[in-house]
Amino acid sequence: MVGPKRRTSLVFAVLMLSTTRSFIASAFSNVQNAGFLGRGGGQIPGRVFRTAEQRRGLVRTPSRAPPTKELLVTSPDEDTTVSTYNMEDIVNVCKRRGFVFQSSEIYNGFNGFYDYGPLGVELKNNIKQRWWRDMVHSRDDMVGLDSSIIASPRVWEASGHVAGFVDPMVDCRVSKLRYRADQLYFTKVELQEDGEVIGYIALLDSGDLHGEARKLAEKLKKKAGKEGTIKFPLDIKDMTKATVAEMALIPSPATGEPGSLTPPRAFNLMFQTSVGALADASSTAFLRPETAQGIFTNFKNVQSTGRVKVPFGIAQIGKAFRNEITPRNFIFRSREFEQMEIEYFIPPEEEVWPDFYNKWIETAWQWLTSIGMREDLMGRDVHLKGDLAHYAKACTDIVFRFPFGQVELQGIAARGDYDLTQHQTSSGKSMEYFDEANKRRYVPHVIEPSIGVDRLFLALICSAYAEDEIEGEKRVVLKFHPSMAPIKVGVFPLVKNKPEIMEKARAIYDQLKRRYNVFWDVSGAIGRRYRRMDEAGTPFCITVDFDTLEDDSVTVRERDSTRQTRMKVDDLLAFFDKEING
Ligand code: ATP
């Protein structure tokens, strides 16, 4: 049984009247360390920020309401949610078992960058290999690509990223800290009876924005020594909606004092670098903020050499870089990450795209559940028409309920012919496809399913994490789908002082390791060895004992049920093949 746990308070808030600096400092470092934030929407004059979908389009769209718990998930089931553990548990197990380390840790880390340790790299590879197998190899209508990370800056001008890949940023003039304006929320707190304004509160989202704001408002009232009832519901907005007058009254999260936050301004998320010996303006290039543009610029190359016909898709897995203003939530929002993106090219007729779009949403959903994602924590966020970029026909996010809130895991967008047309216009090279069957030319439209490997990695760990008790001893277990598990099998000789047992176990280990990542462990009691493998997410352990020498069978112990069965050594490969590869 998974015991109830205290959830770390994820919100840091600033009470205008009397919040102390030390509280802010410690709360802020909590937030920064574990990085707890949701993502909201917003706009500032001339720019609109929400998804890359919109950033690419540079259009004004109505902003959305601040995220709430109910907003996104289609099938909330509070009893089976992540509320039994928190981000600290996840971060701890990742560190303890060597999944993820802070980059440059010996130099106190480097915010927004992470390194993947021995188990992490295995899990990441499993995700990527399985995706490639299912999205590319097992389909007739998909091919792959590996385009360069740095491309001509003209690519990013044509795509709209140079002008529009921006987030709204506010600075605290006093502390010099920076915030994403659309992720920093504020509200006026006033009394029901006479409308007296007590003050303003500012807070970051924790997954329960309204609940936290309520608590903070009550606290503010108490600190101000006011009687009466606070007027609910609170009108919570993000900082992109603050008027000039309100800007002067909203406290800085860093100092607790009002008036030190700057108005929101556009901050381009692309990392710049210089290419060539001279570091002047003409040598400026960018690290790609998404892999998709490499697919568009290679559309003609791939189509003509790959002998593929529309409808078909190009898939790519690769690094992307975004200079996120506030990288948060561990590996959920980092500055260097990997994407698995598909551009699926389809004919341009208006009646064609909905079917492909719906199929890709379904394919994405099914694939995620097939690798062990908890479906009860998944949901769909269908973007409203008014939220879309001007060229986009539709967009659905598959969201996941992380301990810090429900947020985008994967986006599936029907992007029309916007990208290919932009590159056609900008480069002067035709992006048209010749449809031989119907003897006509057109610029194909696209459906774009796009998912971050690191985000999926985190969602898989959250889906797999469990705590229970085995024979009175608490254990942490990662219940990965066997195909995702970093180590597939642990092989244990019962004792190390019996050469025949050691030899037999070693032979099994050598045989299995030709096919799988297996782990050899001779130290400690068998129970301890099982526990170590449980925390690493290893689905099976084999113990070679004295009986093995008699009957050539071993004990196979299953991670989730802890059930132990005797199995002939000769049957092991077939058993694991079925369990791991399905
Ligand atoms: P978000 O709104 O969370 O910033 P986005 O809409 O900008 O995401 P896209 O540009 O659609 O994201 O990127 C596709 C996918 O890449 C996302 O669904 C996500 O899984 C992943 N991704 C985007 N930004 C990051 C990041 N900073 N760190 C890790 N993964 C990311």
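1. Aspartate 355 and lysine 359 both belong to helix 12 (residues 353-370), where they stand four residues apart, about one turn of the helix. Helices here are DSSP runs of H or I with at least four residues, strands are runs of E with at least two, and both are numbered from the N terminus. The two side chains form a salt bridge with closest N and O atoms 3.3 Å apart; the term denotes a side-chain nitrogen of Lys or Arg within 4 Å of a carboxyl oxygen of Asp or Glu.

2. This is a predicted model, in which local features need pLDDT of at least 70 and side-chain atom pairs count only at pLDDT 80 or more, while totals for chains, interfaces and linings use all residues. Residues are numbered from 1 along each chain as its sequence is written, and side-chain values use heavy atoms, with hydrogens and water left out.

3. Lysine 226 and glutamate 196 form a salt bridge at 2.7 Å, N to O. Lysine 226 lies in the loop between helix 8 (209-223) and strand 11 (237-238), and glutamate 196 in the loop between strand 9 (184-190) and strand 10 (197-204), so the pair ties together parts 30 residues apart in sequence.

4. Aspartate 238 pairs with lysine 241 in a salt bridge, the closest N and O atoms being 2.7 Å apart. Aspartate 238 is buried at 2% relative accessibility, whereas lysine 241 is partly exposed at 25% (buried is under 20% relative accessible area, exposed over 50%, partly exposed in between; 1.4 Å probe, protein chains only).

5. A network of salt bridges links Asp167, Arg180, Asp182, Glu324 and Arg333. The count of salt bridges comes to 41.
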